[in-house]
Amino acid sequence: MRHALVAFATLAVLYGAVAQISSPYLPRRVWMGAHYIENVEFLPTYGSLATETVFLLRSGTLMGGVLVSGGRVLAGVLAGTTVGLVVGLAAAAEPRMGALLLPWVTLVRFAAALALLPLYVLWFGVGELARILLITTGVGAVVSLGVLQGASGVPRVYLEAAAVLGLPRAMTWRRVVLPCALPEIFSSVRIGVALAWTTMVVAELIDPHSPSLGYLLTLAATYPRVSTIVIGIVAIGLVVLASDRLLLAVHGRATGWMARREAHAHLA
């Protein structure tokens with residue numbers, strides 16, 4: 001956390017210096033043939049950012065957008081994690097199922113959300129369902145691959161010990177495979193959460209309505225208002241950082257026994 005704050009402060013100082021130094025040299029008045037827009041700040045100063053931030057906060061646009069977009073991301077992450085767990089465990093438990101599912105999961109994993117957008121609009125309409133399913137698809141693909149990798153990487157000696165002790169298959173998965181795969185699962189969920197926020201901007205292009213961060217960024221890019229775009233990007237980055245810290249805290253509590261096990265092994 002300290003390193004992240006230091007990096008953020010360093011970036012902020014560099015941004016402020018470049019914005020002040022470059023303002024006399026960058027053209028503050030531009031002409032865009034298609035839109036006839038003038039007085040565009042390519043790199044807004046801290047003063048412009050502060051003024052815009054106060055306006056967005058007082059109008060409730062920024063906090064409303066964070067809450068609405070955050071709700072969509074949360075719903076997509078929960079649904080995607082559930083789907084990813086089911087698909088990943090099925091692929092790891094049955095090699096034939098894995099051979100059948102893995103190519104499709106890999107295809108979806110590396111397909112851009114923007115490419116899937118028209119298809120989802122045709123299938124699910126322009127409502128909330130299409131937005132959440134678009135986020136769910138990206139998160140589910142990442143989590144399923146993480147679960148598969150974690151479950152496949154369990155040391156054979158653990159599985160042989162479970163077999164010698166006569167553990168049923170279901171108990172072996174519950175007491176041996178899943179705990180060993182937990183770090184990989186959490187890592188994939190962390191990646192999925194970050195991916196969900198980037199997909200959210202694309203998902204909110206479907207029939208955009210205020211308040212939402214995707215709508216705010218789209219509107220700011222249309223007119224354009226660079227200071228609003230910068231504030232929206234920073235807001236998304238801070239929310240992603242906070243959610244990542246929360247996941248790390250949950251991961252620390254869920255895998256505390258691993259640290260104790262390693263400590264006992266070291267003492268032995």
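A cavity, on a 1 Å grid over the protein atoms alone, is a set of points where a 1.4 Å probe fits but cannot get out; lining residues have an atom within 4 Å of a point. Grid points are joined across faces, edges and corners, and a volume is the space filled by probe spheres set on the points. By this rule there are two cavities of 30 Å³ or more. This is a predicted model, in which local features need pLDDT of at least 70 and side-chain atom pairs count only at pLDDT 80 or more, while totals for chains, interfaces and linings use all residues. Residues are numbered from 1 along each chain as its sequence is written, and side-chain values use heavy atoms, with hydrogens and water left out.

The second largest cavity has a volume of about 50 Å³. Its lining consists of V87, G88, A91, L101, L102, V105, S144, L145 and L148. At least two lining residues come from each of α3 (61-93), α4 (95-109) and α6 (128-152).

The protein chain has 11 helices and zero strands (DSSP runs numbered from the N terminus: helices H or I, at least four residues; strands E, at least two). Of its 268 residues, 34% count as buried, meaning under 20% relative accessible area with a 1.4 Å probe and protein chains only; exposed means over 50%, and partly exposed lies in between.

Why does L122 count as exposed? Because its relative accessible area is 71%.

Notes: 1 Å grid on protein atoms, 1.4 Å probe; cavity = no way out; pocket = protein on both sides within 12 Å on 5 of 7 lines; lining within 4 Å.
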